[in-house]
Amino acid sequence: MGSAQQDVQLQDFGTIFSLEGKVAVVTGGSRGLGLHVASGFMQAGCSKVYITSRKAKACEEAVAALNALPNKRPGAEAISVPADSSKISEIERLAAEVAKTTDHVDILFANAGASWGAPFESHPESAFSKVMDLNVKSVFYTCQKFEPLLKKRASVDNPSRIIVTASVAGLGVGTLGKNATFSYSASKAAVLHLARNLAVELGPRGILTNAIAPGFYPTKMASGLMELEGGQEALAAEVPNRRLGHPEDIAGLVVFLSSRASSHINGAVITTDGGSLLSRGRL
Ligand SMILES: NC(=O)c1ccc[n+]([C@@H]2O[C@H](COP(=O)([O-])OP(=O)(O)OC[C@H]3O[C@@H](n4cnc5c(N)ncnc54)[C@H](OP(=O)(O)O)[C@@H]3O)[C@@H](O)[C@H]2O)c1
């Protein structure tokens, strides 16, 4: 065989984005970005997708919608496990509940998060602590408590994945002024660096860790701030590609970071913001 013929031999390229048979856990999975990604997981071939957030009813509604998807993998199921990720005891209970119905986890999407907007002078201490705890400390302990399940089937050639939801507010500055997001922006910068540390610690165990940094996506969390900052249309006009994030933008990115296609990406941060971070202050 000639060298060009050898060079075009990519093994099984048709399945490079497939999550066939994978088991995934999505924190903050009952709505917003987590639910969009859970839908992507189901449609990319996952066999089990665990949905967790505080409210049991919201988790059950999310799971019912996911299980009704017409193009999910045959036999695939979404499973609701309500838990409060802000409490370490609840994260432990979550991992134990998940372990009752699977002997391993391939993908952990650590996505649950909270925000707070208040001016510099009156930014409340209680909110600062709550945001840092959920957005940073809880992400670490979620990874720690799921590590035994994540490494069960992990190997150099078939690594498990942790994907952490940060934000462009952790790369540039967040919102300032009367709706300032000091604690949120600091927490997202911190969780990005936590992801890099986890990438180096857990890589040798066959677990890759990467972070995503979304710009504005219309969700329950973001819509209040988006209204205060001029509304969706005005904000979209400031983005270089002239739009906000769509559900499939986030689902496609996280499916990619969970798939064989990203097997050599570890400790990276991928922005999904239409270029807004690069164009701050310019239209
Ligand atoms: N939307 C954006 O523009 C944007 C941009 C950058 C980054 N992000 C990040 O994306 C992630 C998801 O946000 P989203 O925009 O999708 O917001 P969202 O629609 O408000 O969803 C937040 C999810 O987190 C869950 N949650 C909140 N507190 C929790 C807790 N203590 N324990 C467990 N689950 C909890 C919520 O469910 P329960 O209320 O039932 O707990 C819900 O499922 C966050 O980390 C956020 O910072 C969002």
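Which residue has a backbone N or O atom that lies 2.8 Å from an oxygen atom of the ligand? Select Leu 33 and you have found the residue.

Before going on, a word about the model. This is a predicted model, in which local features need pLDDT of at least 70, side-chain atom pairs count only at pLDDT 80 or more, and totals for chains, interfaces and linings use all residues. Residues are numbered from 1 along each chain as its sequence is written, and side-chain values use heavy atoms, with hydrogens and water left out.

**Stop 1: the ligand**

Next, show Arg 31: an N or O atom in its side chain is 3.1 Å from an oxygen atom of the ligand. On its own the ligand has 890 Å² of accessible area (Shrake-Rupley method, 1.4 Å probe), and the protein covers 97% of the 890 Å².

Now select the 30 residues around the ligand, each with a heavy atom within 4 Å of it. Ser 30, Ser 53, Lys 55, Tyr 184 and Thr 219 come nearest. The largest share, three residues, comes from α7.

**Stop 2**

Select helix α5 (residues 125-151), which gives four residues to the lining of the largest cavity, the most of any element. A cavity is a set of points on a 1 Å grid over the protein atoms alone where a 1.4 Å probe fits but cannot get out, and its lining residues have an atom within 4 Å of a point. About 50 Å³ of space lies inside. Among the lining residues are Thr 27, Ser 85, Asn 111 and Leu 134. By class, the lining has four nonpolar, five polar and no charged residues.

**Stop 3: two rings**

Finally, select Phe 17 and Phe 256. Their ring centres are 6.5 Å apart and their planes stand at 55 degrees, so the pair is tilted. Rings of Phe, Tyr and Trp (its six-membered ring) pair if their centres lie within 6.5 Å; planes under 30 degrees apart count as stacked, over 60 as edge-to-face and the rest as tilted. Phe 17 sits in the loop between α1 (3-7) and β1 (23-27), while Phe 256 belongs to helix α9 (residues 247-258), 239 residues apart.

Key: Polar contact = N/O pair within 3.5 Å; in protein donor to acceptor, adjacent residues only side chain to side chain. Helix = DSSP H or I, 4+ residues; strand = E, 2+ residues; numbered from the N terminus. 1 Å grid on protein atoms, 1.4 Å probe; cavity = no way out; pocket = protein on both sides within 12 Å on 5 of 7 lines; lining within 4 Å. Points joined across faces, edges and corners; volume = space filled by probe spheres on them. Nonpolar A, V, L, I, M, F, W, Y, C, P; charged D, E, K, R; others polar.
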